[in-house]
Amino acid sequence: MKIDTRLAWPDDGRQSVTDFAEAAREAEARGYRGSWSAESAHDPFLPLVAAAHTTSTLELGTAITVAFARTPMTLAYTAYDLQTLSRGRFLLGLGSQVRAHIERRFDMPWSRPAARMREYIEALRAIWAAWAHGERLDFRGDFYHHTLMTPFFSPPPSPFETPAVYLAAVGDQMTEVAGSVCDGLMPHPFTTMRYLRERTLPALERGLASSGRDLTKFSISVSALIATGSTEEQMAMAIRRVKQQIAFYGSTPAYHPVLELHGWQDLGHELNALSRSDTEDRWTQMGELIDDEILTAFAIVAEPDRLGAAIAERYGDIAERFTFNAPYKHDPDLWAPAIDYLS
């Protein structure tokens with residue numbers, strides 16, 4: 001199992017290029033195989049440029065970048081260039097986001113997200129093929145049309161393969177898209193083992209079958225919520241923060257199928273209503289609605305020296321890559337026993 005880490009902006013946003021470069025170098029030295037940058041309050045690509053400069057083996061990816069906030073052409077250029085700058089180590093992780101953000105934050109079109117994502121990735125590959133192999137660009141779909149590419153605007157052929165494409169998915173249709181046209185799947189952190197085995201894997205296998213492949217030629221990258229700590233106080237704080245993160249995800253209607261599978265649909269409605277309220281401490285109250293049964297369904301709760309075995313037991317037969325998802329401050333050395341166990 002490849003153990004990955006996150007390349008994150010600090011809360012105060014004061015990270016420098018040198019800081020990102022050093023963080024990536026340290027991750028490589030600690031034995032991590034990859035480092036992922038997320039798109040939330042910052043651009044996901046800029047830290048990876050700095051990271052590529054100071055590392056030689058660390059794979060660098062986005063987990064995720066919002067596909068529908070960009071056209072296939074604009075993203076094709078960025079991904080192609082990062083693949084070159086990293087000397088073939090870039091992993092393009094895509095996600096759809098939800099309708100409100102695409103339409104109201106990014107002011108971009110939204111419709112039939114699974115079908116649109118499939119076509120988006122097919123368009124990306126068509127553009128890359130035009131650059132890499134000199135093929136005529138003539139992509140015509142229901143959502144995207146790319147039919148013009150002149151030599152002046154074409155990057156030279158790259159000595160590296162085009163980037164591997166991972167797709168974040170929760171629902172069956174988007175998961176099938178991942179299996180059909182992608183190289184890897186990133187299950188959302190808001191998932192349970194029951195949902196993963198009963199819903200995600202069957203949908204993924206249907207998608208893979210449609211493209212003549214199986215799981216042996218496909219990568220699953222898991223980012224799992226972790227609650228751990230070296231002291232009782234640290235463990236209590238970690239559990240509290242993870243419960244709040246579960247509540248935050250659970251308030252999003254698009255993720256409610258996971259709750260519904262377990263019979264927890266009423267919790268989803270309650271979390272959504274509370275998130276929309278004017279209650280001053282609503283995020284704290286939402287976390288208090290997550291009991292220990294729900295916590296252990298969504299997260300791994302274990303002391304540092306038991307964490308590696310717990311991860312292997314839960315994901316060892318599924319995940320090729322694994323990232324610790326810890327929404328709280330912690331010492332980077334906290335993961336050392338698990339990395340040694342899993343690597």
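This is a predicted model: local features need pLDDT of at least 70, side-chain atom pairs count only at pLDDT 80 or more; totals for chains, interfaces and linings use all residues.
Contact here means heavy atoms within 4.5 Å.

Residues are numbered from 1 along each chain as its sequence is written, and side-chain values use heavy atoms, with hydrogens and water left out.

**The chain as a whole**

You're looking at 14 helices and twelve strands, taken as DSSP runs (helices H or I, at least four residues; strands E, at least two) and numbered from the N terminus. The radius of gyration is 20 Å, close to the 20 Å that the globule rule gives for 343 residues, so the chain is as compact as a globular protein of that length. That radius is taken over C-alpha atoms, and the rule is 2.2 Å times the number of residues to the power 0.38. Along the principal axes, the C-alpha atoms fill a box of roughly 60 × 45 × 40 Å. Buried residues make up 50% of the 343; buried means under 20% relative accessible area, exposed over 50%, and partly exposed in between (1.4 Å probe, protein chains only).

**Around Tyr144**

Tyr144 sits in the loop between β6 (139-140) and β7 (145-146). Is it buried or exposed? Tyr144 is buried, at 12% relative accessible area. Setting aside neighbours within four places in sequence, Tyr144 is in contact with Phe68, Pro72, Arg116, Glu119, Tyr120 and Phe139. Asp19, on the other hand, is 38 Å from Tyr144, C-alpha to C-alpha, and 125 residues from it in sequence.

Helix α5 covers residues 113-133 and reaches 30 Å from its first C-alpha to its last, close to the 30 Å expected at 1.5 Å a residue. The expected span is 1.5 Å times one less than the number of residues. Gly134 follows α5 and has a positive phi, near 70 degrees.

Most residues other than glycine have a negative phi, and most peptide bonds are trans.

| Residue | Phi |
|---|---|
| Gln97 | near 60 degrees |
| Asp107 | near 55 degrees |

Gln97 is in the loop between β5 (90-95) and α4 (99-105), and counts as partly exposed at 29% relative accessibility. Asp107 lies in the loop between α4 and α5 and is exposed, at 65%.

Then there's a cis peptide bond joining Ala63 and Ile64, with omega about 0 degrees. Ile64 is found in the loop between β3 (59-62) and β4 (65-66).
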